[in-house]
Amino acid sequence: TGEDTLSLHDALPISLGVQGGLNESNLSAYLVAAKDSNQFICFDAGTIRTGLQKAIDQHLFKQQDVNALQKEIINSYFISHGHLDHTAGLVLNSPNDNKKNIYALPSVIDVFKSSLFGSKSWSNFGNEGDLPIIGKYSYQYLVPGQEIEVPLTGLYVTPFVLSHAKPYESTAFLVRHEEEYILYFGDTGPDEVEHANNLELVWKSIAPFIKAGKLKAIFIEVSFANKVPDKALFGHLTPDWLMKEMQQLHSFSNDNLKSVPIYITHIKPCIDCAYTIQKELNKENKLGLKLLFPEQAKLIQLP
């Protein structure tokens with residue numbers, strides 16, 4: 001119920017997991033809700049239960065039962081791509097969950113049907129695919145560039161295709177509430193390395209919202225330090241590549257980009273990775289951007 005959780009005014013967004021692999025208790029997952037709503041969208045779902053329990057421990061929710069909390073507050077899942085560090089929490093906690101929608105591009109839903117909820121790897125909790133079909137989750141096929149309304153949330157979401165080691169697809173989600181926006185990225189390589197223009201299309205689409213002061217945050221990955229060569233990125237960004245992409249976004253939106261908080265996600269949990277990436281980003285931040293680093297089970301305060 002609404003009185004069991006904090007409102008969006010206090011709790012948007014909440015990071016259930018922020019890292020880019022290895023640590024199964026802290027993988028990509030972010031809750032977003034509209035103001036005064038207790039109906040959250042979960043963007044990616046690498047970690048669910050641990051993130052919710054830590055959020056309870058941090059007194060972010062009045063509900064103390066993690067099993068009940070998952071059922072009550074997560075309205076639906078938007079999955080950027082099918083890799084385990086973005087889906088494992090959803091799959092492993094599916095027996096505890098209640099009926100919900102999974103929104104994704106067709107290529108991502110194919111991964112659920114063929115692998116994640118394939119009968120040989122896990123029971124089929126989806127509504128399509130291998131028999132027997134449990135049908136707890138209903139697949140909702142997204143169309144790139146087409147905004148949809150998410151029932152009961154007051155939120156609208158527009159997906160954009162990303163290249164994650166071409167030809168593998170990932171997704172960016174532009175979330176709208178009334179006339180304000182948040183942009184969340186799944187894994188993505190830079191356009192130049194991926195031989196694509198997917199990020200350029202995203203930048204051109206969001207530039208008007210930046211100029212109008214309507215984009216409140218960008219969540220984007222930087223998985224590796226600059227020492228990792230392009231051939232070993234496998235569809236990820238480094239500080240150098242992020243700043244090259246930000247230069248392009250800046251060219252479309254001008255100095256307005258400086259007012260948009262940019263949250264760096266999906267850092268790989270190797271020794272000194274986070275420290276090195278933060279140091280390199282700060283050194284290369286010639287544009288004076290607001291670079292922030294989300295922590296697990298923390299409130300993210302937006303302007």
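Let's start with the second largest pocket of this predicted model, which has 14 residues in its lining. If you want to centre your view on this pocket, look for V18, Q19, I267, A274 and P294, the lining residues nearest its centre. The volume of this second largest pocket comes to about 230 Å³.

Which elements give two or more residues to that lining? They are strand β12, spanning 261–265, and helix α9, spanning 273–284. Of these, α9 provides the largest share, with three residues. Sorted by class, the lining of the second largest pocket holds eight nonpolar residues, along with four polar and two charged ones.

From here, let's move on to a pair of helices. Two packed helices are described by the angle between their axes and by the distance between those axes. Helix α7 covers residues 198–211 and helix α8 covers residues 239–253; their axes come within 8 Å and cross at roughly 45 degrees. Because of that angle, α7 counts as oblique to α8. As for handedness, the crossing of α7 and α8 is right-handed.

Which residues make the contact? On the α7 side, you can pick out L199, E200, W203, K204, I206, A207, I210 and K211. Facing them from α8 are E245, M246, Q248, L249, F252 and S253. Taken by class, the residues of this contact between α7 and α8 comprise eight nonpolar, two polar and four charged.

Technical notes:
Residues numbered from 1 in each chain as written. Predicted model: local features only at pLDDT ≥ 70, side-chain atom pairs only at ≥ 80, totals over all residues. Heavy atoms only, no water. Axes fitted to C-alpha atoms, helices over the stretch in contact; angles between N-to-C directions. Helix = DSSP H or I, 4+ residues; strand = E, 2+ residues; numbered from the N terminus. Parallel < 35°, antiparallel > 145°, perpendicular 65-115°, else oblique. Left-handed = near helix turned anticlockwise from the far one by under 90°. Contact = heavy atoms within 4.5 Å. Nonpolar A, V, L, I, M, F, W, Y, C, P; charged D, E, K, R; others polar. 1 Å grid on protein atoms, 1.4 Å probe; cavity = no way out; pocket = protein on both sides within 12 Å on 5 of 7 lines; lining within 4 Å. Points joined across faces, edges and corners; volume = space filled by probe spheres on them.
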